[in-house]
Amino acid sequence: MNNIVIKTNNLSKIYHQGEIEVNALNNVSCEFQKGEFTAIVGPSGSGKTTFLNIIGGLDSPTSGYVQIADVNISKLKSSKLIDFRLHNIGFIFQAYNLIPVLTAKENVEFIMLLQGTDKEYRNKRTHDLLEEVGLGELVNRRPTQLSGGQQQRVAVARALASKPRFILADEPTANLDSKSTTQLLDIMAKLNEEEGTTFIFSTHDQRVIDRAKRIIVLEDGKIVEDKK
Amino acid sequence: MFKIIKIAWRNIWRNKLRSSVVMISIILGLWSGLFILAMTYGLNEQRIDGAINTVLSHIQIHNPDFLNDQKINDTIINKEFVLNSIKNTDKVYKFTERLISTGMVSNAKGSYGIQLTGINPDTEKQVTEIYSKLIDGEYFTKLKRNPAVIGEKLAKKMKLKLNSKIIVTLQNTKGDLTNAAFRIEGIFKTQNTIFDETTIFVRKTDLSKIIGLTNGQIHEIAIVGKSLEDSKLIANNLKNIDKLNKIQTWSEISPELGYAQEMMSTFLIIFMGIVLMALSFGIINSMLMAVLERKKELGMLMAIGMKKRSIFIMITFETIFLTLIAAPIGLLFSYISIEYFAKHGIDLSNFASGLESLGIGAIIHTYLPVKMYFEVSLLTVLVAFISSLFPARRALKLNPAEAIKSL
Ligand SMILES: Nc1ncnc2c1ncn2[C@@H]1O[C@H](COP(=O)(O)OP(=O)(O)OP(=O)(O)O)[C@@H](O)[C@H]1O
Ligand SMILES: [Mg+2]
């Protein structure tokens, strides 16, 4: 019955820029269900990145809290939080997703190494995931030998590899051309449809917004619209 | 863990220029450190060797009173017994008897204080190497009457040539001043100009007549062991047998040789400190840049769940790898150059006049004990390792959200 993966309660984040206080997030409360495919949208500076970072435990709120699977992550100590992220959250960033000195295969494998899974499992899962994102041929290339779109697909495979509860993606398509954007979205949508992977991503791109099943609109750190 | 080390290994090849700079500074640091060390060691060895081979020998025996004020009458006690004991002592190679008398030498150019050393040329040759340091003349082979062998410096000062006559004024056993004429048969030159300026060698038999010592009494016995390392052992054995005379090793006779060594090691410690500090700053600076340049990547690693400890290890290993590559190269360069100059010597003739008065000589042959190679390398690796901790610590202070945002 309990399908809630993330619950945020009165999240606020205040940044201090010299004398000025910036209310990047203002009392945001919302819930994310398992299997959702959510786009966070809003003008630049509306708080999208701040919101995703706090949900993902990369940043801590000034007040309020984030609860993931009954754990209040806003209260976790730094080392516990790193471990929590490793086992529960997948990340896809706009850029600098991959370790430049490792091949695509090694990058995907790396996160499972950190988790301490055994070799046979790692090899199989790495292989399956890279096949799934359509990079079965390019497993031994390093990031610099891959296109931007291919790199982001490796990032998706890497994010999935740890079997997280959900995947956060901050403007994953911002650096991609339209063809690569479509390819990446196809893969994300397919994973969501077929395997129920929960995605939360921020974007400015209307084509990406159109593919979302739920759209949360932020403005000045507040949710002004939330449509499913 | 293995993967993290592998990543560290690959990371050092990303910025080849910076890695080269770090490695080159380690190589140069190690090289210059070891080479200067080898030069000072060589210098000191040469000083000690020079002193031992020209006059000191390994062990000397005197009447204890003679050491206080060099009175002619304070000769070795129970000479025959002592000589017999020496012959029967293990590890003794050769020994020789000497008479010693301080006095004045004069000619038309002036008078100078000198020490007259009366020797037995045949046995002296087995103990010291003055005979091989002649630049002119012979070593007590030609002249029948009162031959003398003097140093180049004294010869120059007094404008003496072979066959020149000198008059020495000495005290005899009765305390009266007495004069004697000697003829120059040979001129030597050692690395020590003070020695060359103040020492005159004559035959023991000639000197004993002049000062009036009969019955073969002597002031000094100089002994060489089969190796320099045996000095202490031989001296101790003799001390057990002969309790009346004073038995001293070379370092006890000439403690200043040891002081010089101590002074040098203080200088060397300071020097190495400076080299290592420069090295450490270089490493910290370069590796800090390497960390700050990769902020986003490190932030991403923290974000996806890499433990701080692992990141710390990764960055530390980057420095360690650079050190482990560079240190052997630095060692190899050091070894080759030290060995080369050990054979061929470094010519310091331009500064030599100063050095020779210190008893060093114009050509330095580098020398470094094997254990110093180990110690200095260990120290270098240690310093590199400690330096690597600062950039690694800096990486831990990164906040993943901030690090990723800094696009
Ligand atoms: N570290 C920071 N220090 C000070 N102010 C910050 C910091 N990070 C974000 N802000 C401010 O908080 C507000 C929200 O920023 P945020 O990056 O979340 O917006 P965003 O919606 O992601 O914008 P964009 O679409 O440009 O990525 C902005 O006004 C921004 O200037
Ligand atoms: Mg943003």
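**Entry 1: Ser19(B)**

I looked up Ser19(B) and found it in helix H2 of chain B, residues 16-56. Helices here are DSSP runs of H or I with at least four residues, strands are runs of E with at least two, and both are numbered from the N terminus. Ser19(B) is buried, at a relative accessible area of 7%. I use buried for under 20% relative accessible area, exposed for over 50% and partly exposed for what lies in between, with a 1.4 Å probe and protein chains only. I then listed its contacts (heavy atoms within 4.5 Å). With neighbours within four places in sequence left aside, Ser19(B) is in contact with Ile12(B) and Leu322(B).

**Entry 2: ground rules**

I note that this is a predicted model, in which local features need pLDDT of at least 70 and side-chain atom pairs count only at pLDDT 80 or more, while totals for chains, interfaces and linings use all residues. Residues are numbered from 1 along each chain as its sequence is written, chains are lettered from A and ligands numbered from 1 in the order in which they are written, and side-chain values use heavy atoms, with hydrogens and water left out.

**Entry 3: domains of chain B**

I looked up how chain B is divided: domain 1 covers 2-52 + 258-405, and domain 2 covers 64-244. These bounds come from an automatic or database domain assignment. The C-alpha centres of domain 1 and domain 2 of chain B are 50 Å apart.

**Entry 4: where chain A meets chain B**

I counted what each chain brings to the contact: 27 residues come from chain A and 23 residues from chain B. The buried area between chain A and chain B is about 2300 Å², and carbon and sulfur atoms give 68% of that. Buried area is the accessible area, with a 1.4 Å probe, that two parts lose on being put together, summed over both. On the chain A side, Ile82(A), Tyr96(A) and Val101(A) lose the most area to chain B, together 24% of what that side buries.

I next looked for charged pairs across the contact and found four salt bridges between chain A and chain B. A salt bridge here is a side-chain nitrogen of Lys or Arg within 4 Å of a carboxyl oxygen of Asp or Glu. In one salt bridge, the side chain of Arg10(B) meets that of Glu106(A) at 2.9 Å, N to O. Helix H1 (48-55), helix H2 (78-88) and helix H3 (104-115) of chain A are the elements that give two or more residues to the side of chain A that touches chain B. That side divides into 16 nonpolar, five polar and six charged residues.

**Entry 5: salt bridges within the chains**

I searched the whole structure and got 27 salt bridges over all chains. Glu109(A) pairs with Arg122(A), with the closest N and O atoms 3.4 Å apart. Glu109(A) lies in helix H3 of chain A and Arg122(A) in helix H4 (residues 119-132), so the pair ties together parts that are 13 residues apart in sequence. Glu109(A) counts as buried at 9% relative accessibility, and Arg122(A) is buried at 10%.

Lys124(A) forms a salt bridge with Asp128(A), at 2.8 Å between the closest N and O atoms. The two are four residues apart in helix H4 of chain A, so about one helical turn separates them. Lys124(A) is exposed at 54%, whereas Asp128(A) is partly exposed at 33%.

In chain B, Asp206(B) forms a salt bridge with Arg203(B), with 3.4 Å between the closest N and O atoms. Both residues are buried. I also noted a network of salt bridges that links Glu36(A), Arg214(A), Asp226(A) and Lys228(A).

Asn163(B) is in the loop between helix H6 (152-157) and strand E6 (165-171) of chain B, and is partly exposed at 43%. Asn163(B) and Ile184(B) are 21 residues apart in sequence but 4.8 Å apart in space, C-alpha to C-alpha. Not counting residues up to four places away in sequence, Asn163(B) touches Leu143(B), Arg183(B) and Ile184(B).

I checked backbone angles and found that Ala69(A), not a glycine, has a positive phi of about 45 degrees. Ala69(A) is in the loop between strand E4 (63-68) and strand E5 (71-72) of chain A, and is partly exposed at 30%. Asn146(B) also has a positive phi, near 40 degrees. Its place is in the loop between strand E4 (134-137) and strand E5 (147-151) of chain B, and Asn146(B) counts as buried at 14%.

Notes: Nonpolar A, V, L, I, M, F, W, Y, C, P; charged D, E, K, R; others polar.
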